[in-house]
Amino acid sequence: MERLTTKNYTYHELDFMEGGVADCFNKLAEYENLMEEYGLKDLTEIENAVQKQTPKQPEILRCNEDIRIGRGVWKAGTSVMKCGSCGEWIVPHWKYCSECGQRIGGSQ
Ligand SMILES: [Zn+2]
């Protein structure tokens, strides 16, 4: 990602900026420094993290056989859920998928 701010600017450089421009410039410089510090080249990983935090409705199925999910066993014929993101079995009260970290949500 190409920087808009100089890496080690001095506060003197902000003297010519008016109003909120200097504040925004500072925030942008902090943001660009963090991106570099963590080796993030673009917003892809941040967008993925936002997607994981956005509740996703699970797939609800009736199991044909006994299934072990977490520490419990769901008997054949009961309703079970699969993560809407990775397809792993999930337990109804889980807030997040234990496999991929997707936040679970939606009407049930
Ligand atoms: Zn998942």
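## Contacts and overall form

Among contacts in the protein chain between residues at least 6 apart in sequence, those that join residues at least 24 apart make up 32%, where two residues are in contact if their C-beta atoms, placed from the backbone, lie within 7 Å. This is a predicted model, in which local features need pLDDT of at least 70 and side-chain atom pairs count only at pLDDT 80 or more, while totals for chains, interfaces and linings use all residues. Residues are numbered from 1 along each chain as its sequence is written.

The radius of gyration of the protein chain is 23 Å, whereas a compact globule of 108 residues would have one near 13 Å; the radius is taken over C-alpha atoms, and the globule rule is 2.2 Å times the number of residues to the power 0.38. Along its principal axes, the C-alpha trace spans about 70 × 25 × 20 Å.

## Confidence

The mean pLDDT, the predictor's confidence in each residue from 0 to 100, is 89 for the protein chain, and 98% of its residues reach 70 or more.

## Helices, strands and sheet

The protein chain has two helices and five strands, which are DSSP runs numbered from the N terminus (helices: H or I, at least four residues; strands: E, at least two). Three of the strands form an open antiparallel sheet in the order β1-β4-β5, and its edge strands, β1 (59–62) and β5 (89–90), each pair on one side only. Two strands pair if DSSP finds at least two bridges between them; strand β4 (residues 79–82) is joined to β5 by two bridges, and Met 81 has Ile 90 in β5 as its bridge partner.
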